[in-house]
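Please read the report below alongside the sequence and the structure.

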Amino acid sequence: MFAFIVRSVFFKAVTLLIISVVSFLIVHLAPGEPSQIDPLNPRFRKEDIARYREAFDLDKPLHQQYFLLYKKLFTGELKSFKDNQSVLGKIWTRFLNSLPLFILGTILTWCLAFPMGVGAALRRRGLFDQSTTLLSYLLISLPGFFLAYLLIIGTVNWLEVPVLGIHTFGQGDAPLIYQVNDRMWHLILPSLLGATGGIAVLSRYVRGQMIEVLDSDYVRTALAKGLPSDTVFYVHALRNAALPFITMFGLLLPGLIGGSVIIEAIFAWPGMGRMGYEAILSRDFPIIISLNFISAVLVVIGTLVSDILYVIVDPRIRL
Amino acid sequence: MLVKRLLLLVPLAVIVLLLQSYFWVPTFSDQVKGSDARLRQYIEGSIGDAQILNPILHTDASSGRIVSLVLDGLIDRDENLNYRGRLATSWEIYEEAYFVPRPGGPSAGDLRERIGRARAAGQPEWARNITRAEVIPPAEEKNILAVPKGRGQRGFDQVPVAVAYPERVKLTLKEVDQDLFDRLKALLGPDAFATDPAPYLKSELQGPARQRAASEVHLTEHNPVIVFRLRKGVLFHDGHEFDSGDVRFTYEAIMNPANLSPRVADYEPVKRVETPDRHTVRVVYKRLYSPAFGTWGMGMLPEHLLNAKALAEEARRRNQDPAKFTMRDSGFNRHPVGTGAFRFLEWRSDEVIRLARFEKYWEGAPNYEEYIYRIIPDPLTQELEFYSGSVDSYSAEPHQVRRLRRDPRFQSFSGLAFGYTYIGFNLRRPPFGDPRVRRALTMAVNTRQIREFLLYGEGEDITGPFVKQSDHYNHGVKPLPYDPRAAERLLHEAGWKKTNGVMRKDGKPLQFTLVTNHGNEVRKAIAVAVQDAWKRVGVPVQVDLVEWAVFIQKYINTLNFDAVILGWQMGLDPDLFQIWHSSQTGPGQLNFVGYSNPRADELIIKIRQEYDLKKQVGYAHELHRIIYEDQPYSFLYVSKWTALLDRKIVIAEKGPDGKTRHRKITPTKTGSHTFHFNKWLKLPQVPELEG
């Protein structure tokens, strides 16, 4: 076990190194300059552009830029081109904004997917099973932004309520209960939309797992023995069917930082995803590279955690 | 069975908990649910976030909007687009002029005598404009010139250049007179002035760099002077009093190379800024340049928060090297302090910028307590936020205007944009060198139809390069009629004959490529409409759509195009030098169509040197007519904007009896509905108002 951890940490460090080089190169080799030093801007004289490039280290050879950038990132000195703010500070505030979306999205995913999957498995080929199957495929195949616009337009036109942003503006003086509920209201649509894909996919998995377990010998034995069917389904079968999903917690980790670019952009949600998107538009290299690198780190840690969880929940697996 | 119940109850509980929150959220018609603070807030939506809240550093529209609310300038425009004082109460503009007498000719003293006599006699008449004539002793002026480094090297060297002037004559004029030296030549003889700069230049530079340095020698020099009288007792938001030192500081900050200010070009013509006392600012210019006056509308920085001492202290506080710490690094740019009607509260990036009204504003505090600038990157989202009452204004798309104007929930305002869309012809290439061809191409296009069907009627015709609602626009210039027959006749006149439906001359067909940028649907549609219209008169045209950056770099900047569809955004100042002067036709310059007309050049220079509005308008009208007659562009249209507001927003004014009266928001003559913004207020219900 210990040897496994040491080995995978080593390989993952190598992976990260390669990712750091590749993401740096992709950003720098793509055409276009940071918007601050846009040579198309007629207001800039040549000497101004040269001075900007120097200030942002852009006049140095690529390999030096690479080391400087990652050195600054690790020492926390890295600053955004756009507003000279510390990159890590910016990422942290945006992370806190994305966090509630992520938490509620996860709660919704797991809360809805399990009953749906289990219900469908127990009523195999019944009406419930068929309709959840249809729903799942609809949710998987409908593009998120399309669904988002439909939901937003419907809610705004019929209910005349705001749905975008973190909260309704101008509610700062309202009693606490109004504010709490207002924030909750604003969370519903984006987190639901963020969860649709998860709900659809996860409920399919749960259904599959559950069906597999229901077909196994010990379930048949338990039923033959005359145990109440609820005990068999919800205690014996569900517990075994749910095992593989525990490992999915590890894979949730990268979702923390990725956020959802499309959902956050549509809902004017000042989260991480939108920051990344805007950084790309304005060619804010430090933000793009840092986000990329941090999410790579999280993916790597996530896979490591899920590997370890596997071993813990299922003693049959040896590493 | 517990697990079974949990599987049903937990999701149900979560859903119920979430959905009940709906009953606590304010709706469009009931915006005061929970709190009535919403009535005292104005919320505006914006596509993009601000970048840097500093009037001398920002380049984007969002920052400009916030900066204009937080920091007042010395002047701005009134309801009729004339200048009015803000931090300045009044101003006067006069001129100081210098000239170097020709070596070997009459001395400075002699010339001064002759001018003095003419002035005393009041003969010729213009001499009355001279208030003072004096001889000034020899002086040396030092300057720094940015000279490109040698071959193969990037960047510029800063080279000192000195000019040693001999005795000069200095004249002080009541009013700026751009023809002064021509008039003086008539009075003093044609060769009274020195013409060769070489003897006065002290520099080791050689070759082209020396020639550039020679242009620093001014043998005759107009120095317009603007004297601003500043408003007394104006306070910055931190309680510090505003005075002339802040104006001088703002100018110096722009010119400080460490700050990399994008406004340098606007203030480069300034020779020096003097502050004779706390409430007077004297700006002396190097040359005649009337657009410079408008630049004083820029927000004034607080010196006490941003001068070298304050910056050094801030650097120490933040543990940074004071030597490298510039205004660009200062926290001020995310927390500005000015003298404007609103003071800065907070800025959460890509989410919101909040401002609160400044209770001690010199003009009286605005009605709204808070101004909120929301960043909503998606236009549809903005529209929906407007419908749900969490944004107060919305700019309607052309196709929505008719529907939304009728909506009883909203009030709407329309006006003309400052800008126009046009087809530009590359005048260097045949057949566009012939004005008849250009006129024919214009007459073949039905711009009325373009406005009707592509803009849903939200546009007007335009015939010239000035803002249509400004005085400089010549309404006497009538647009060429849409007349394909006449267009064909004009082409015949120019030597083109129609065979097999195609215009030909010497066997060659009249055909070319029309280019515009990708991503602008209206321009794309125009290209197709124009292609069809020209085909009908026998001119087959190929349409090309190119990505914006490629379009500018590969076509416009390299002058490699036949005809393009583009648009200009304009300011109110009538200076057309960059776009229309024949000296601006090189690669990468803005007169990319290659327009060149000696009379137009002359007028363009006259306009930018004229400080008298009436005379300037006269020149502008003539220039407008000349450009339209030459048709280097086919002017297509100026678009209309329509802004929507919640009908619950009104103008609230205190009457003489102390009671607050409400009246409808009415636009000014030039179409601006936001002119009285500081008096706006939102009511809980739609009011019944007359008018």
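At what angle do the axes of helix α18 and helix α19 of chain B cross, and within what distance do they come? In this predicted model, the axes of α18 (residues 598-609) and α19 (residues 613-630) of chain B come within 9 Å and cross at roughly 150°. Since angles over 145 degrees count as roughly antiparallel, α18(B) is therefore roughly antiparallel to α19(B). The crossing in which α18(B) passes α19(B) is left-handed. On the side of α18(B), the contact is made by B:Arg599, B:Ala600, B:Leu603, B:Ile604, B:Lys606 and B:Ile607, while α19(B) brings B:Gln616, B:Tyr619, B:Ala620, B:Glu622, B:Leu623, B:Ile626 and B:Ile627 to it. Sorted by class, the residues of this contact are 9 nonpolar, 1 polar and 3 charged.

By class, the contact of α4(A) with α13(A) has 6 nonpolar residues, 1 polar residue and 1 charged residue. The two pairs are set side by side below.

| Helix pair | Axes come within | Crossing angle |
|---|---|---|
| α18(B) and α19(B) | 9 Å | roughly 150° |

What does the secondary structure of chain A come to, in helices and strands? Chain A has 13 helices and 0 strands, and the C-alpha trace of this chain spans about 85 × 60 × 35 Å along its principal axes. Of the 319 residues of chain A, 34% count as buried. Among the contacts in chain A between residues at least 6 apart in sequence, 72% join residues at least 24 apart.

The next topic is the contact between the chains. Chain A gives 52 residues to this contact and chain B gives 54 residues. On the side of chain A that touches chain B, at least two residues each are supplied by α2 (46-55), α4 (87-122), α6 (144-159), α7 (176-214), α9 (229-246), α11 (261-266) and α12 (272-281). That side of chain A divides by class into 33 nonpolar, 6 polar and 13 charged residues.

In chain B, an open sheet of 3 strands has the order β28-β27-β29, with antiparallel pairing. Its edge strands are β28 (660-663) and β29 (680-682), each of which pairs on one side only. Neighbouring strands of this sheet are turned against each other by 45° on average, direction ignored. Strand β27 (residues 649-654) of chain B is joined to β28(B) by 4 bridges, and the two run antiparallel. Within this pairing, B:Lys654 has B:Thr660 in β28(B) as its bridge partner.

Some backbone positions also deserve a look. Which residues of chain B are joined by a cis peptide bond with omega of about -10°? They are B:Gln123 and B:Pro124, and B:Pro124 is found in the loop between α3 (108-121) and β5 (130-136) of chain B. Another cis peptide bond, with omega of about 5°, joins B:Pro430 and B:Pro431, and B:Pro431 has its place in the loop between β18 (419-425) and α12 (435-443) of chain B.

A:Glu160 has a positive phi of about 55° although it is not a glycine, and A:Glu160 lies in the loop between α6 and α7 of chain A. Is A:Glu160 buried, partly exposed or exposed? With 17 other C-beta atoms within 10 Å, A:Glu160 is partly exposed. In chain B, phi of B:Asn500 is near 55°, again a positive value in a residue other than glycine. B:Asn500 lies in the loop between β20 (497-499) and β21 (502-505) of chain B, and because B:Asn500 has 7 C-beta neighbours inside 10 Å, B:Asn500 counts as exposed.

Methods: Residues numbered from 1 in each chain as written. Chains lettered and ligands numbered in written order. Predicted model: local features only at pLDDT ≥ 70, side-chain atom pairs only at ≥ 80, totals over all residues. Contact = placed C-beta atoms within 7 Å. Nonpolar A, V, L, I, M, F, W, Y, C, P; charged D, E, K, R; others polar. Pairing = 2+ DSSP bridges. Axes fitted to C-alpha atoms, helices over the stretch in contact; angles between N-to-C directions. Buried ≥ 20, exposed ≤ 12 C-beta atoms within 10 Å, placed from the backbone. Parallel < 35°, antiparallel > 145°, perpendicular 65-115°, else oblique. Left-handed = near helix turned anticlockwise from the far one by under 90°.
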